[in-house]
Amino acid sequence: MAIWDGLMARLLAVPEYQELFAAACPDVAADWLGIQHLVNAIAAFEIEAWTYLDSPWDRYVAGDDSALSDEAKRGALLFYGQAGCARWHSGKLLTDQETHNVAVPQLGPGKDDEAPLDIGRARVTHYPVDMFAFRTPPLRNVELTGPWMYNGAYVVLEGAVRHMLQPQASLLAYDPKQLGPDLETAVHGLTVED
């Protein structure tokens, strides 16, 4: 709490921030402003700055048949059909907001007692079924969000997509060299138990 109070005091010492907070929270006196107001302001900024709902896909769904190329339409047919992507990537943000284990290669220092592994959702639930399960990422503007997977294991989007089509085979065939010499040794446990 002291850190949050200190942060708010620093922000409110700046006249321009005082004005922005007064505009964003007109019913809150300056001495009642807290970290929750800052968090809400940051969230509102992120929604405004990074939510893009006027993509070619949005226009196509709204009825503009010319908004997508023929190649993109074929991709959408695969996405919603044979490839099965829409099982997890659904809704306006193209995510089910659930956690799944999709055999993502382990990369990095890991977390706490499980290091060098990151066991995902199981760190919170302690359920074996949640081992290595991570939240389904939204696919809005996915081509701009690399590297891909929760830990950046794929540096090319096509590699991440191919992984999702055959996770176990992809894990066994994973090539750490794609990460470059600084990170390829940070990959752990490229084996799958039967």
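**First stop: a salt bridge**

Select Asp-112 and Arg-123, whose side chains meet in a salt bridge with N to O at 2.3 Å. A salt bridge here is a side-chain nitrogen of Lys or Arg within 4 Å of a carboxyl oxygen of Asp or Glu. The pair links distant parts of the chain, eleven residues apart: Asp-112 belongs to the loop between strand E2 (106-107) and helix H6 (122-125), while Arg-123 is in helix H6. Helices (H or I, at least four residues) and strands (E, at least two) are DSSP runs, numbered from the N terminus.

Before continuing, please note that this is a predicted model, in which local features need pLDDT of at least 70 and side-chain atom pairs count only at pLDDT 80 or more, whereas totals for chains, interfaces and linings use all residues. Residues are numbered from 1 along each chain as its sequence is written, and side-chain values use heavy atoms, with hydrogens and water left out.

The closest N and O atoms of Glu-114 and Arg-123 are 3.2 Å apart, and the two form a salt bridge. Through shared partners, salt bridges join Asp-112, Glu-114 and Arg-123 into one network.

Is Asp-112 buried or exposed? Asp-112 counts as exposed, at 62% relative accessibility. Arg-123 is partly exposed at 30%, and Glu-114 is also partly exposed, at 26%. Buried means under 20% relative accessible area, exposed over 50%, and partly exposed in between (1.4 Å probe, protein chains only).

**Second stop: Asp-130**

Now select Asp-130, in the loop between H6 and E3. With a relative accessible area of 14%, Asp-130 is buried. Which residues does Asp-130 touch, not counting residues up to four places away in sequence? They are Ile-119, Arg-121, Ala-122 and Thr-125; contact means heavy atoms within 4.5 Å.

Select Asp-58 and Arg-140, whose side chains meet in a salt bridge (2.5 Å, N to O). This pair links distant parts of the chain, 82 residues apart: Asp-58 is in helix H4 (residues 56-61), and Arg-140 is in the loop between strand E3 (134-135) and helix H7 (157-165). Arg-140 is buried, with a relative accessible area of 16%.

Move on to Asn-141, which lies in the loop between E3 and H7. Asn-141 is partly exposed, at 24% relative accessible area.

**Last stop: the whole chain**

How many helices and strands does the protein chain have? There are eight helices and four strands, and from the N terminus on they run α-α-α-α-α-β-β-α-β-α-α-β. The radius of gyration is 22 Å, well over the 16 Å that the globule rule gives for 194 residues, so the protein chain is more spread out than a compact globule. The radius is taken over C-alpha atoms, and the rule is 2.2 Å times the number of residues to the power 0.38. Buried residues make up 29% of the 194 residues. The structure holds five salt bridges.
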